[in-house]
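Welcome! Open your viewer, get ready to select a few residues, and follow along stop by stop.

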Amino acid sequence: MNTLTERYLAATLRSVPTQRRDEIASELRASIDDMIEARTDGGQDTATAEREVLTELGNPDVLAARYADRRLQLIGPTYYLIWLRLLKLLLSFIPALVGTIFTIVEAAGGKGFGAIGPGIVVAMQVAVQITFWLTLTFAIIERSQATVDLPAWTVDQLPDAPVRRGIPLADTIASVIMLALTIAYLPFQHYQSWVRGTDGENIPILDPALWSFWLPALIVVLAATMVFEIVKYRIGRWTWPLFGIRALLNLAFAVPLAWLALSDRLLNPALGERLSWVAEADNRDVLGLAIAVGAAVVAVWDLIDTAIKTRRQTA
């Protein structure tokens, strides 16, 4: 008969070891019959009692797992914390390291900035592979008969209490990376830009004549700003002397940049050979004005934001 009990038994037995099915079937059927009988003796009809008993027993897959002594989690509590800690450690640097190396190799091979996208994809693939293989390893250990002797937790493993800092580490790292990329781009664009001449030769974006003074001077300012970011983080909070140094560095970069842009000395005149709109004086004036205004807005906004932070942290 295709009763609820028979269907429940079939759903349970399909997930238990074959050699134990007859034993489990007899035991479970007897338990169900006894529970139904106890309810019917109390005046409940058989159909309602059967439904309530099976509902009380719960999901047959969960019951089968208990009979088979089978875990219903991929990684149990014994190894979960060490798995999570190791996964965070590996993902914290390996994908970024592999992606960076791949990008550098591809860029050196002539792909330029076109190597950034594939580098990001490679980093993501490495992260997926690390997650998969590490999880598989711990899942196998979890299900093996051998028990790994893990060191017991002690109070000596407690980390130091975090110190509240006014200068977040993440902000410092981001600033240093952006400054380093800007410094690297200045010589890079001289040898590998996205503009090519009629014969395929490289056309730098910035005027090569600027290498006589202005570009090295701007690189020095950017390098000094990198040092400033590190010193600022070491101090741990904004102070008014730091604000003054930040203002000087901002002016030392923004003022020359704006002057070069407004005087039409920033961009390479040879760009007009390939980009017709750059050859027109009015367009160059508008572009120079836009660069100058952009530099001024960024500098002023940064100084306002820094002044607000300094006032809060020195109050």
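This is a predicted model: local features need pLDDT of at least 70, side-chain atom pairs count only at pLDDT 80 or more; totals for chains, interfaces and linings use all residues.

Begin with the lining of the largest pocket, which by class holds 21 nonpolar, five polar and three charged residues.

Stop 1: Select L179, T182, L222, F253 and L257. Of the 29 lining residues, these are the closest to the centre of the largest pocket. The volume of this pocket is about 820 Å³.

**Stop 2: the helices around it.** Now colour α8 (169-191), α9 (214-235), α10 (240-262) and α12 (281-314); each of them gives at least two residues to the pocket lining. Which helix supplies the largest share of the lining? That is α8, with seven residues.

**Stop 3: the largest nonpolar core.** Next, select L186, L215 and L266. Within the largest nonpolar core, which has 18 residues, these have the most contacts.

**Stop 4: the surroundings of L186.** Setting aside neighbours within four places in sequence, L186 is in contact with L206, W211, L215, I219 and L222. You have already selected L222 at the pocket, where L222 is among the residues closest to the centre.

**Stop 5: another core.** Finally, select L9, L13, V16 and L28. They are among the 15 residues of a second, separate core. In soluble globular proteins, nonpolar side chains tend to be buried together.

Terms used:
Residues are numbered from 1 along each chain as its sequence is written. Side-chain values use heavy atoms; hydrogens and water are left out. On a 1 Å grid over the protein atoms alone, a cavity is a set of points where a 1.4 Å probe fits but cannot get out, and a pocket is an open set with protein on both sides within 12 Å along at least five of seven lines; lining residues have an atom within 4 Å of a point. Grid points are joined across faces, edges and corners, and a volume is the space filled by probe spheres set on the points. Helices (H or I, at least four residues) and strands (E, at least two) are DSSP runs, numbered from the N terminus. Ala, Val, Leu, Ile, Met, Phe, Trp, Tyr, Cys and Pro count as nonpolar, Asp, Glu, Lys and Arg as charged, and the others, Gly among them, as polar. A nonpolar core is a set of buried Ala, Val, Leu, Ile, Met, Phe, Trp, Tyr and Cys residues joined through side-chain atoms within 4.5 Å. Buried means under 20% relative accessible area, exposed over 50%, partly exposed in between (1.4 Å probe, protein chains only). Contact means heavy atoms within 4.5 Å.
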